[in-house]
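Hi,

Here is the structure I promised to pass on.

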Amino acid sequence: MTSSNRHGVRPLTPPRRSTRRGFAVVAVGLLLGTAAVVVDQPIADAATTPATVTVNTRAGLATVPDTALGVNHAIWDSQLGTTETSDLLRAAGVQMMRYPGGSYADIYHWRDHTAPGGYVAPGTDFDTFMAGVRRAGAQPMIIANYGTGTAEEAAEWVRYANVTKGYDARYWTVGNENYGNGHYGASWEADHHPDKSATYYANLVVEYADAMKAVDPSIKVGAVLTMPANWPDGLTAGEDPGPWNQTVLSIAGQKIDFVDVHWYPGGSAAESLPRTSHITDAVHLLREQITRYAGPNAGRIGISLTEVNVTSEGMTSQPAALFLADAYSGLLADGVFTVHWWNVRNGIGRVSTVAGQTDYGDFGMLSSGTCTSDGSVCEPPLNTPFAPYHGLSMMSRFARTGDQFIRAASDDPLVAAHAVRRATGEVAVLLVNKDPDNAREVDIDYAGFAPSSGEPTVHTHTNGATAIATSRSGSATSRTLPPYSLTTIVVAPAGATTGQPGAPGQPTVTDVTDRTATIAWAAATRGASPIAKYEVHRQYGAVSEQLGETPGTSFTVGNLVPGRRYTVNVLTRDTAGRVSWASPPLTFTTGSPASSACGVRFTNTTDWGNGYVANVDIVNNTARPINGWTLTWTWPTTWQQVGSGWNANWEQIDTTVRVTHNDDSRQIAAGGTVSVGFVGEYSGPNVTPTAFRLNGTLCTAL
């Protein structure tokens, strides 16, 4: 992150960077694809009927790691090492702290604690940072200096941290937002190398990883990528073989342990709230890139998201707290191993009123106590928590280490729902009311779980509140959510949960076709009774559909839909009818027929972050010409759109695209090909369609 200010941009360039002197000078990396697109807000009418939230314990997602809840620390923050800061972060449940602070990492030299060209506050050196990390009970995430440093300097830092001092610092990233070094036109990240390409960065990541792991083989080294659908995703520059992510993964994939991305959805906090719906598809696309380009055993590579925030009005007020809780929950449920808010403190920016509360335009969680340049407005006293701090505190009450996220869904677009299942048998449900003006009545249905009739524990944070209120009240099945509020309900089970069998191990998939897939898993540990069978369940929103059952540890699923993404879990059932927790999730996408009368090749030829040019080749695999044709497909998301097209007639209704021949493309010769194309638009992750039908026949995707 390099700047506290963001500017509107055109599709082909990231935003201009600017700096502001005050409490801090901060680096901000914009993710263009979402920032340049206006997202329609749901209409905030008062609800006339209760919203229904469904919580499904059979639909398991990721398990909460001990690194989940993170924040950014920065060497320009004079309060970084104070006991009060550490105590506040511990109280909020912070588990990981990133250092030395965004783009400052690429000018920071740890040996002499200097950052040429930037401000370094007293009392912010590495040892002071580590003392604060330990006081808070957290772990460090350290950024090695790529821009102006060397692999040797990074290796010596590892030696000092883990050999000399015994800090056991596990996670190290090579650089910060290094795609912002001018290679794609915009330059905010320091980079003194003669070559600014993704290829050069990737080769040096290999050098850094080798040098650092030679000192301590147990550390984990991460490489900088960009979030799919965010600048410069899809762009290829210079002599690179492909876009930044593809190039870095292809060269450095076998040397790294995780990839590091940032996400700024763009706009105000209120505008960012609906964009949390992009998370699952963005993480899915990132995992697809890792699988495709990182080489053998790519599944071992984790994902960290070490900067997230909104970018304009609402940074310190309640909508930012709602966004934080919603975004952290979605990212962690999809398997991101740590999520970090930008940042602990920052300094006053543009002051406004948001939802009746003063917003200080400050990226920080805690007040820096600074004032506007003319002294007309000052922040609250130093270390006063802003709303996002309370959002993070709510996360620590909701999702604890070892909890398993489970599917939860709401039928009201202004109510978001997340849930976890705990080893104690309890279920915790996080409810986010995004309506700034109206309370929302919510009915909660549970699948695979019988809630206790007793009063649940309830944690609530409302608009303008200075703390989270906790009580035992109401029921597990209904709740009134105050306007712009966060509510966590912790529900005990109705009966004893002892004697259950263990959950099956991580499922894997092989032999995926257009209609079938074979799923296998490690056997579960029996509980009080012998294991009777395993059940394979598909997640369908917050509803589970049982695909089959078997006494063995593999199952071939049939009757699948071509070109569709499936997420499944396996559950253990014993002879007494007890059911285990869900296994970790498995996600796969069915293909197209191995052979067909037609074939379709869909190619994204030129991408600029929220739009692209696509070429579609239609192949006639028969011995007879096709005279007149219609090609159809369905977009995987609601934010993808066909713009102008050529060599055919193009139309889109909802998410279905219909392409018909024109006079020039009417006939496809036997064994021949017709090429058509269009300009595509997207305001979220651009998931490519893989199922195409020509005159009703399912084609082979080429």
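C598 is buried, at 2% relative accessibility (buried means under 20% relative accessible area, exposed over 50%, partly exposed in between, with a 1.4 Å probe and protein chains only). C598 sits in strand β27 (residues 598-607) and C699 in the loop between β37 (697-698) and β38 (700-701), so the bond ties together parts 101 residues apart in sequence. Helices (H or I, at least four residues) and strands (E, at least two) are DSSP runs, numbered from the N terminus. The S-S torsion of C598 and C699 is about -95°, so this disulfide is left-handed.

Keep in mind that this is a predicted model: local features need pLDDT of at least 70, side-chain atom pairs count only at pLDDT 80 or more, and totals for chains, interfaces and linings use all residues. Residues are numbered from 1 along each chain as its sequence is written, and side-chain values use heavy atoms, with hydrogens and water left out.

The structure holds two disulfides. The other one joins C371 to C378, S to S 1.9 Å. Its torsion is about 100°, so it is right-handed. C371 is partly exposed at 35%, and C378 is partly exposed at 36%.

One more spot: V336 lies in the loop between α9 (318-333) and β9 (338-341) and is buried, at 2%.

Cheers

Key:
Disulfide = S-S within 2.5 Å.
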